[in-house]
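This report looks at charged side-chain pairs and at one part of the surface. Please have the sequence and the structure at hand while reading.

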Amino acid sequence: METLSDQNAGTRRTTLSRDRVLRAAIAYADANGIESLSMRGLANELEVVPMALYKHVANKEDLLDGMVEIVVSEIDQAAATGEWKHDVRLRILAARACLLRHSWSRAVLESRSAMTPAMLSYLDALTGLFLAGGLSVDLTHQMMHALGNRMWGFSQELFAATPPKDTETLRAQKAALPAHYPNLAEIAKAAMHSDPASGRAPGCDDQAEFEFALDLLLDGVDRLRTRQPTR
């Protein structure tokens with residue numbers, strides 16, 4: 001005789017779908033980090049046996065591909081205004097905001113061996129904004145290389161991060177700066193915004209640094225646009 005528990009389990013199995021699996025995985029990674037995501041843990045979240053997931057995702061890599069596909073699809077693609085520089089800037093900052101909402105997504109996106117359809121669609125639309133703005137195919141190609149990962153809203157870190165527990169090494173490096181590396185010390189002092197009247201919080205402003213580099217690239221290619229250089 002079928003029990004109520006059996007009926008509930010059957011309902012869960014019939015309502016399980018690829019979209020539900022992927023969105024549950026995204027929610028889990030948002031809350032716990034991508035490192036802790038496993039097929040078994042995800043199955044527990046969905047209250048199903050692990051084998052039930054494999055009807056909807058082939059393996060862990062397929063799961064990650066699907067998660068990236070959904071996240072990239074969330075990027076706001078505002079209608080083009082005809083001002084290419086404004087439109088490109090807006091699109092890239094939208095990508096940055098989206099990926100920051102899912103802090104794990106950058107590492108997963110970079111790890112993909114092949115681009116998903118949503119990734120290709122985003123890049124195709126971004127390329128179209130350059131071409132519609134009057135950039136040649138060649139200059140657009142060069143600009144995409146210059147942007148690199150900034151197309152997705154993030155940039156390469158200037159220095160490798162110091163492990164959080166290695167505070168002794170970090171303190172020693174800071175103490176050595178003025179005497180041995182005066183130029184770096186000057187930059188570090190400026191970055192800390194030691195002047196209280198500046199109104200800025202100490203440390204680097206990641207958003208401001210990103211926008212500075214993005215604007216620098218867009219302004220530069222805008223000047224080159226009139227010359228239309230070829231490789």
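## A pair within helix α2

D19 and R23 are 4 residues apart in helix α2 (residues 18-32), so about one helical turn separates them. In this predicted model, their side chains meet in a salt bridge with an N to O distance of 3.0 Å. D19 has a relative accessible area of 41% and is therefore partly exposed, and R23, at 44%, is likewise classed as partly exposed.

## Pairs that involve helix α12

The side chain of D222 forms a salt bridge with that of K85, at 3.4 Å from N to O. Because D222 belongs to helix α12 (residues 206-225) and K85 to helix α6 (residues 84-101), this pair ties together parts that are 137 residues apart in sequence. K85 is partly exposed, with a relative accessible area of 26%.

D222 also takes part in a salt bridge with R225, where the closest N and O atoms are 3.1 Å apart; both residues lie in helix α12, 3 residues from each other, which is about one turn of the helix. Through salt bridges that share partners, K85, D219, D222 and R225 are joined into one network. The count of salt bridges comes to 11.

## A nonpolar surface patch

V49, M51 and Y54 form a nonpolar patch on the surface, and together they have about 330 Å² of accessible area. Y54 is placed in the loop between α4 (50-53) and α5 (60-73), and its relative accessibility of 37% makes Y54 partly exposed, since that class lies between the 20% limit for buried and the 50% limit for exposed residues.

Methods: Residues are numbered from 1 along each chain as its sequence is written. This is a predicted model: local features need pLDDT of at least 70, side-chain atom pairs count only at pLDDT 80 or more; totals for chains, interfaces and linings use all residues. Side-chain values use heavy atoms; hydrogens and water are left out. Patches are made of residues with over 30% relative accessible area and no salt bridge: like charges are joined within 9 Å, nonpolar side chains (Val, Leu, Ile, Met, Phe, Trp, Tyr) within 5 Å. Accessible areas come from the Shrake-Rupley method with a 1.4 Å probe; for residues, only the protein chains shown count as cover. A salt bridge is a side-chain nitrogen of Lys or Arg within 4 Å of a carboxyl oxygen of Asp or Glu. Helices (H or I, at least four residues) and strands (E, at least two) are DSSP runs, numbered from the N terminus. Buried means under 20% relative accessible area, exposed over 50%, partly exposed in between (1.4 Å probe, protein chains only).
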